[in-house]
Amino acid sequence: MLSCRNDVLAITKQLVNIESVVNTNGEAIIAKSLYNMITSLPYFLKNPSFATIEQTINDNQERYNVLALVKGTKGTSSRTVILMGHVDTVGIDDFNHLKNMACDPETLMEALKKEQLPASAKEHLESGDWLFGRGVLDMKSGVASHLYLLNYYSEHPEELNGNLVFLAECDEEDSSHGILSALKTLKRWKKEHGFTYTAAINADFVAPRYEGDHNRYIYKGTVGKLLPSFFITGAETHVGSAFEGLDPNFIAAELTKQINYNPDLCNEAYGETTVPPVSLKQIDLKPSYTVQTALSAYVYYNFFIHSWSPKDVLEKLKEQATVAFHNALTAFEDRYKRYSALSGEPYVQHPWRPRVLTYEEMDQLLIQENGTKYVSHMKNIKEDLVKIAELDTRMFAVRVVEEAWKWMKDKSPAIILFYSSLYSPRIELTGKTADELDLIRALDEAVEEIQPVYAYPIVTRNFFPYISDMSFVALSDDEAGINAESNNNPGWGTKLFVDYQDIRDINVPVINIGPYGSDAHKRLERMEMTYSLEIVPNLTNLVIQKLLN
């Protein structure tokens with residue numbers, strides 16, 4: 001066992017002390033600090049080209065990735081393990097009156113002793129084995145573990161029959177510009193140094209899955225995340241003649257009722273099940289108050305996947321949207337008839353029918369009908385919209401759909417289904433390749449060796465349950481699945497682009513061995529030090545040794 005607790009703790013505190021909230025200047029500051037730490041080590045003073053700090057590409061924010069490599073001298077193997085982790089954090093506003101202490105664990109913990117805390121947090125605070133503060137869990141202690149191992153092997157390259165690459169990436173908490181840019185460097189190093197990427201080890205946080213869960217989890221592969229979105233049009237009317245039109249919010253409400261928390265939309269694979277989709281936004285698109293009903297509404301949902309592809313999800317949600325549309329129209333007609341009976345006004349049947357199109361289907365229809373005139377117009381619209389800084393990828397996408405809808409000849413009520421954000425691909429690690437088998441074997445053996453020295457169960461599961469940059473170092477989706485995602489994202493190529501070929505060129509099996517704790521993204525974020533500072537580095541080291549030696 002490496003005696004690493006104090007060193008990893010010191011590095012953790014050093015990193016936490018730097019406020020590096022995503023989409024702020026702190027991302028650049030921490031990257032430069034990390035780069036200076038690495039390049040001051042003797043190994044990198046002798047090999048300056050083995051460490052680099054590189055600004056992200058296709059990004060409107062100044063921020064950087066830091067990469068470093070150590071070449072083993074024990075043999076001549078080209079096998080290379082990537083140690084990866086992000087250095088950005090979520091914001092600190094939730095700390096309220098303790099905000100100025102959020103990144104100073106020692107001061108924060110003293111202040112928390114005077115606060116009213118939940119029983120578990122109070123117990124952890126008093127135990128002496130938990131560290132509180134923004135980023136201690138998600139995931140600067142994980143990066144510290146990797147940095148410790150980088151330093152260790154820079155001093156002991158003779159213990160490596162292969163190579164180690166360290167990657168600290170930015171922007172994991174928002175749009176993954178960091179990892180997507182870093183792929184270019186990893187590809188370049190692969191060619192320049194003749195690396196054969198064998199495995200990647202991420203160090204994102206792990207947490208209890210339910211109340212009373214004492215397991216410390218290691219994950220093989222990761223969940224995928226999509227943001228299916230719906231542009232819903234109705235038939236506008238004055239509110240005084242409510243049944244002469246159809247409120248798109250009525251359809252949106254039925255859609256959310258159909259999709260939200262629906263277990264039929266949970267994806268089971270290898271005995272593990274995703275949480276169901278849940279709504280993240282539901283609005284209409286009226287710019288201001290009027291007594292007319294809205295012309296359109298917009299709703300999108302978080303959607304996790306284990307084995308389904310973006311194409312599968314579109315097909316399933318098109319079915320769900322059709323059911324919701326049918327239910328909305330049935331309820332509308334029923335209420336209209338009841339109102340007519342009460343008021344004595346005549347009932348007039350409407351011609352509306354459930355109508356659901358994917359964005360790709362609508363776009364192809366409009367191209368067929370209008371040719372280059374439509375294509376040119378939409379290209380100009382996208383170029384104008386992308387200049388509006390306050391439009392995020394979600395609102396950019398719906399504005400494109402809204403503009404395309406204006407070209408539709410049939411303006412009867414409809415639902416347009418599309419994707420409006422970055423797709424974080426799912427990754428399965430099943431042993432289908434030699435590298436996957438090697439990584440699974442190395443992990444199983446490492447856990448077996450470490451478990452006797454740690455009190456709580458160390459348990460391996462198949463899918464990391466949170467969004468992470470693990471998604472961008474390998475692909476489990478086929479071409480049709482990926483194309484369904486890009487062809488149905490109105491911002492693709494303008495507001496958003498992922499070079500999937502870069503991912504295919506790296507295509508390395510990945511696991512997550514990360515710090516353990518509670519309340520990530522909350523003001524009581526904290527990590528258990530024994531597991532995070534001792535077990536994690538040693539587990540990671542054993543996996544490296546078993547893979548390379």
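Keep in mind that the model is predicted.

The count of aromatic pairs comes to 27. One of them is Tyr298 with Phe418, a stacked pair with 6.0 Å centre to centre and 10 degrees between the planes. Tyr298 belongs to strand S13 and Phe418 to strand S15, residues 414-419, so this pair ties together parts that are 120 residues apart in sequence. Both Tyr298 and Phe418 are buried. There is also an aromatic cluster, and its members are Phe243, Phe332, Tyr336, Tyr339, Tyr347 and Trp352.

Two arginines sit over tyrosine rings. The charged end of Arg216 is over the ring of Tyr516, 3.7 Å from the centre. Arg209 lies over the face of Tyr217, and there the distance to the ring centre is 5.9 Å.

Next, the helices. Helix H9 covers residues 310-343, which is 34 residues. At 1.5 Å a residue it should span 50 Å, and its end C-alpha atoms are 48 Å apart, so the two values agree. Just after H9 comes Gly344, with a positive phi of about 80 degrees.

Helix H6 runs over residues 136-155, and Val136 is in it. Val136 has a relative accessible area of 0%, so it is buried. From the C-alpha atom of Val136 to that of Ile388, 252 residues apart along the chain, the separation is 35 Å. The peptide bond that joins Asp138 and Met139 is cis, with omega about -10 degrees.

That brings me to backbone geometry. Most residues other than glycine have a negative phi, and most peptide bonds are trans. Which residues here have a positive phi without being glycine? Ser176 is one of them, with phi near 60 degrees, and Asp519 is another, at about 60 degrees. Ser176 is in the loop between strand S5 and helix H7, while Asp519 is in the loop between strands S18 and S19. Are they buried or exposed? Ser176 has 5% relative accessibility and so counts as buried. Asp519, at 26%, is partly exposed.

Last, the surface. Val239, Tyr289 and Val291 make a nonpolar patch of about 340 Å². Val291 is in the loop between strand S12, residues 278-284, and strand S13, residues 296-305. Its relative accessibility is 36%, so Val291 counts as partly exposed.

How values were computed:
Residues numbered from 1 in each chain as written. Predicted model: local features only at pLDDT ≥ 70, side-chain atom pairs only at ≥ 80, totals over all residues. Heavy atoms only, no water. Patch = residues over 30% accessible without salt bridge, like charges linked within 9 Å, V, L, I, M, F, W, Y side chains within 5 Å. Areas by Shrake-Rupley, 256 points an atom, 1.4 Å probe, with all protein chains shown as cover. Salt bridge = Lys/Arg side-chain N within 4 Å of Asp/Glu carboxyl O. Helix = DSSP H or I, 4+ residues; strand = E, 2+ residues; numbered from the N terminus. Buried < 20%, exposed > 50% of the residue type's maximum accessible area, 1.4 Å probe, protein only. Phe/Tyr/Trp six-rings, centres within 6.5 Å; stacked < 30°, edge-to-face > 60°. Lys NZ or Arg CZ within 6 Å of the ring centre and 35° of its normal. Expected span 1.5 Å × (residues − 1).
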